[in-house]
Amino acid sequence: MAVSESLSVSQARRITLAAQGFTDPRPGGATDLRHLRRVLRRLHLIQMDSVNVLQRAHFMPLYSRLGPYPAGLLERAAYRRPRELFEFWGHEASLIRADLQPLFRWRMARAHELAWGNMRRVAVEQPELVAWVLDEVRDRGPITAAEIEHDAPRAKDHWGWNWSVVKQALEWLFYTGQVTAAERTSSFARRYDLPERVLPAAVLAAPTPEPAEAFRALVELSARALGVAAEAELRDYFRLPAKPVRAAVAELAEAGVLRPVTVPGWRSAWLHHEARLPRRVDAATLISPFDPLIWERARTERLFGMTYRIEIYVPKPQRLYGYYVLPFLMGERFAARVDLKAERRSGELQIPAAWLEEGADPEETATALAAELRRLAGWLGLTTIAAPEGGDLAVPLAGALRSPAGVP
């Protein structure tokens, strides 16, 4: 469907959902690497987070777009040859398409400006320790920080974030691109190794673009992934500095890659020239708090009319909705939000709370959400779903969960 220079909020919402992959067909049979690559070509990167109350954050965006898929596919793409993803600082800690690695070398080169204090401090104050840690990785990698710390000088000297100086040295080497993540342990600790032993040779051999060229490419990728976006959102996707983004936007607009459009409630917006406006969106899926669809909370509010905050770090008495709350996308709107926990020892998916969004039909939403919770539980290997404990959607959702699957 053709896109005009003036968009309604609903049109902007549908463009965004299409750009993010929510209108792509889900696999009809077995999910394979082709399906994973299709999602990654849309998103370009996936945020990582250590919270594991339901499922590790980086597994969820693929689930939201593909449905139940073998989690081993993502592990294979990230940590087995030939690597299709690599770990680096993209939008926070991220798994990024490996072919994009040259576009992040500017960040590695500017570590003395951009890396946070403790990493910079150990690089400046203890360069001999940093060199020793790099030698340890070269000689013993892939290796964890704990394995190096055992033999490290001043291994018990802790500061800053309570990271050991060895960990800080490793994170400096990681930020500067001198080491990378070869894999993750079962406890989610990185095993570090040299890039030449991890990344594809073609990626390492690719020329390093000038920073302006890298910014232009990254802004274009951001615009492609978002469909329609404000300049601040184009900057936020890969956490880019403001001034070069402004220049990149101007150049991309002059080249016709970005088009200015108006959207009610937005000061300004840019539309990617290949963005598609679907007539409708038929999604029915849960969205992780770390999904790129809702990274930028002000954008989420403008597009979906939903005020969303993750409340993991909010004291329990002050939480409005719960500890690990996932919005439920139904059609093109968020119809509910649900606090979830995977109790793996008992094989139970727990629902501390379920809440209805304004304007959503409680029975229709409960039926669709119950079906999604059954899919999610099956994907996570959980055998039972507990009754919702609280929230204004708890009663209808409990009823829908008691009904046989597929029966309203």
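Which residue in strand 15 is the bridge partner of glutamate 348? Keep that question open while you load the view. This is a predicted model.

**Stop 1: confidence**

Colour the chain by pLDDT. The protein chain averages 94. Of its residues, 95% score at least 70. Now select residues 155-162. Here pLDDT stays under 50. For this stretch the model has 15 contacts beyond four places in sequence.

**Stop 2**

Zoom in on strand 15 and on strand 14 (residues 348-356). These two strands pair in the parallel sense, over 2 bridges. Here the opening question is settled: threonine 384 in strand 15 is the bridge partner of glutamate 348.

**Stop 3**

Select strand 10, residues 269-272. Show the side chains. Ala269 and Leu271 point one way. Trp270 and His272 point the other way. Are these four buried or exposed? All are buried.

Strand 8 pairs with strand 10 in the antiparallel sense, over 2 bridges. Look for alanine 229, which stands opposite tryptophan 270.

Leucine 258 stands opposite histidine 272.

**Stop 2: helix 2 and the residue after it**

Select helix 2, residues 33-43. Its buried residues are Leu33, His35, Leu36, Arg38, Val39, Leu40 and Leu43.

Step just past the end of helix 2 to histidine 44, where phi is positive, about 75°. This residue is not a glycine. Histidine 44 sits in the loop between helix 2 and strand 1 (45-47). Its relative accessibility is 1%, so histidine 44 counts as buried.

**Stop 3: another positive phi**

Jump to arginine 239. Its phi is positive too, at about 55°, and arginine 239 is not a glycine. Find it in the loop between helix 13 (231-237) and helix 14 (242-254). Arginine 239 has 36% relative accessibility, so it counts as partly exposed.

**Stop 4: two cis peptide bonds**

Select arginine 81 and proline 82. A cis peptide bond joins them, with omega about -10°. Proline 82 belongs to the loop between helix 4 and strand 2.

Now select glycine 141 and proline 142. A cis peptide bond joins this pair as well, with omega about 0°. Proline 142 is in the loop between helix 8 (127-140) and helix 9 (145-149).

**Stop 5: arginine 83**

Return to the loop between helix 4 (72-79) and strand 2 (85-90), where arginine 83 lies. Arginine 83 is buried, yet it has no salt bridge. Which side chain of opposite charge is nearest? That is glutamate 183, 6.8 Å away.

What does the side chain of arginine 83 reach at 3.2 Å? The backbone oxygen of alanine 78. Now draw a second distance. The backbone oxygen of alanine 182 lies 2.8 Å from a polar atom of the arginine 83 side chain.

Show the surroundings. Leaving aside neighbours within four places in sequence, arginine 83 is in contact with Ala77, Ala78, Ala98, Ala181, Ala182, Val198 and Pro200.

**Stop 6: glutamate 196**

Finish at glutamate 196. Look in the loop between strand 7 (190-193) and helix 11 (201-205). Is glutamate 196 buried or exposed? Its relative accessible area is 55%, so glutamate 196 is exposed.

Technical notes
Residues are numbered from 1 along each chain as its sequence is written. This is a predicted model: local features need pLDDT of at least 70, side-chain atom pairs count only at pLDDT 80 or more; totals for chains, interfaces and linings use all residues. Side-chain values use heavy atoms; hydrogens and water are left out. Buried means under 20% relative accessible area, exposed over 50%, partly exposed in between (1.4 Å probe, protein chains only). Lys and Arg count as positive and Asp and Glu as negative; His and the chain ends are not counted. A salt bridge is a side-chain nitrogen of Lys or Arg within 4 Å of a carboxyl oxygen of Asp or Glu. A polar contact is a pair of N or O atoms within 3.5 Å; within protein, one must be able to donate a hydrogen and the other to accept it, and residues adjacent in sequence count only if both atoms are side-chain atoms. Contact means heavy atoms within 4.5 Å. Two strands pair if DSSP finds at least two bridges between them. pLDDT is the predictor's confidence in each residue, from 0 to 100.
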